[in-house]
Amino acid sequence: MVLNLREIFKNRKRFAQSYTFKPEDVKLPPDLGEITEPINLYVEITKEKGGYMVHMEIEGYVVLQCSRCLTLYDKDIGKIENIRIEPYPTKDVVYLKPGDLNVSFYEDEEAFDLVNLLREQIILSIPTKPLCSPDCMGELGGIEKGNTTLGDLLKKANML
Ligand SMILES: [Zn+2]
């Protein structure tokens, strides 16, 4: 999905649209996770001085592998984000100020790739150590679980 921002904002200040992307449209790097269901996106773009503000409402799931027990599970990556987009900074001008974390860049105002920005946002939602549940003990932990005593846990945590 490539947008010609220059054209879209010739006669208006705000652009709003809903999209449904097929998994193969978004596609993540395979070591990060897999998208198997369509991703819904509602986007609102407003023109600002020196760039645009992109409001994104993302709905969808990514299949991740639990870093402890290695099972695959669905991670909800639904979120609402506001991202400012600007032209790529040239070498001599620094646009980025500390604290401006939610800034993304586009190379071509006439060919702004919305899917790239969506993919970026999904990747930011993926934990570095995915867990199928917050208390997942992993494969070994799961087997031991039945007869683990408080003492075992404390020993494990070096508290005894
Ligand atoms: Zn797990």
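Helices (H or I, at least four residues) and strands (E, at least two) are DSSP runs, numbered from the N terminus.

**Ground rules**

I'm looking at a predicted model, where local features need pLDDT of at least 70, side-chain atom pairs count only at pLDDT 80 or more, and totals for chains, interfaces and linings use all residues. Residues are numbered from 1 along each chain as its sequence is written.

I checked confidence next; pLDDT is the predictor's confidence in each residue, from 0 to 100. The chain averages 87, with 80% of its residues at 70 or more. Residues 142-146 stay under 50. Contact here is two residues whose C-beta atoms, placed from the backbone, lie within 7 Å. By that test the model has three contacts beyond four places in sequence for 142-146.

**Overview**

I get five helices and nine strands for the chain. From the N terminus on, the order reads β-α-β-α-β-β-β-β-β-β-β-α-α-α. Of the contacts with a separation of 6 or more, 55% come from residues 24 or more positions apart.

For burial I use counts of other C-beta atoms (placed from the backbone) within 10 Å of a residue's own: 20 or more is buried, 12 or fewer is exposed, and in between is partly exposed. Of the 160 residues, 11% count as buried.

**The sheet**

I looked up strand pairing, which takes at least two bridges found by DSSP between two strands. Five strands make an open sheet, ordered E2-E3-E4-E7-E8, with mixed pairing. E2 (14-21) and E8 (103-106) sit at the edges with a single partner strand each, so one side of each has no neighbour in the sheet. Neighbouring strands are turned by 30 degrees against each other on average, direction ignored. For angles, axes are lines fitted to C-alpha atoms, for helices over the stretch in contact, and values run from 0 to 180 degrees between N-to-C directions.

Then I went through the pairs:

- E3 and E4 run antiparallel, joined by nine bridges; threonine 46 stands opposite methionine 53 in E4.
- The E3/E4 hairpin has two residues between the strands, and glycine 50 there takes a positive phi near 75 degrees.
- E4 and E7 are antiparallel too, over seven bridges. Valine 54 has isoleucine 83 in E7 as its bridge partner, and methionine 56 has glutamate 81.
- E7 (residues 79-87) and E8 pair in the parallel sense over four bridges. Isoleucine 85 stands opposite serine 104, and glutamate 86 opposite phenylalanine 105.

H3 has twelve residues and reaches 17 Å from first C-alpha to last, close to the expected 16 Å. The expected span is 1.5 Å times one less than the number of residues.

I find Leu117, Leu118, Arg119 and Ile122 buried in H3. Their cover includes helix H2 (23-26), E3, E4, E5 (61-65), E7 and E8.

A nonpolar core is a set of buried Ala, Val, Leu, Ile, Met, Phe, Trp, Tyr and Cys residues joined through C-beta atoms within 7 Å. The largest one has 13 residues, and Ile39, Leu41, Val54, Val62, Leu118 and Ile122 have the most contacts inside it. E3, E4, E5 and H3 each supply at least two residues of this core. I also listed what isoleucine 39 touches beyond four places in sequence: Phe21, Val26, Ile58 and Gly60.

**Back to Val63**

Beyond four places in sequence, Val63 touches Gly33, Glu34, Thr36, Leu72 and Asp74. Glycine 33 is 30 residues away in sequence and 5.7 Å away in space, C-alpha to C-alpha.

Most residues other than glycine have a negative phi, so I noted two exceptions. Lysine 27 has a positive phi of about 45 degrees; it lies in the loop between H2 and E3 and is partly exposed, with 13 other C-beta atoms within 10 Å. Leucine 70 has a positive phi of about 65 degrees. Leu70 is found in the loop between E5 and E6 (72-76) and is exposed, with 10 other C-beta atoms within 10 Å.
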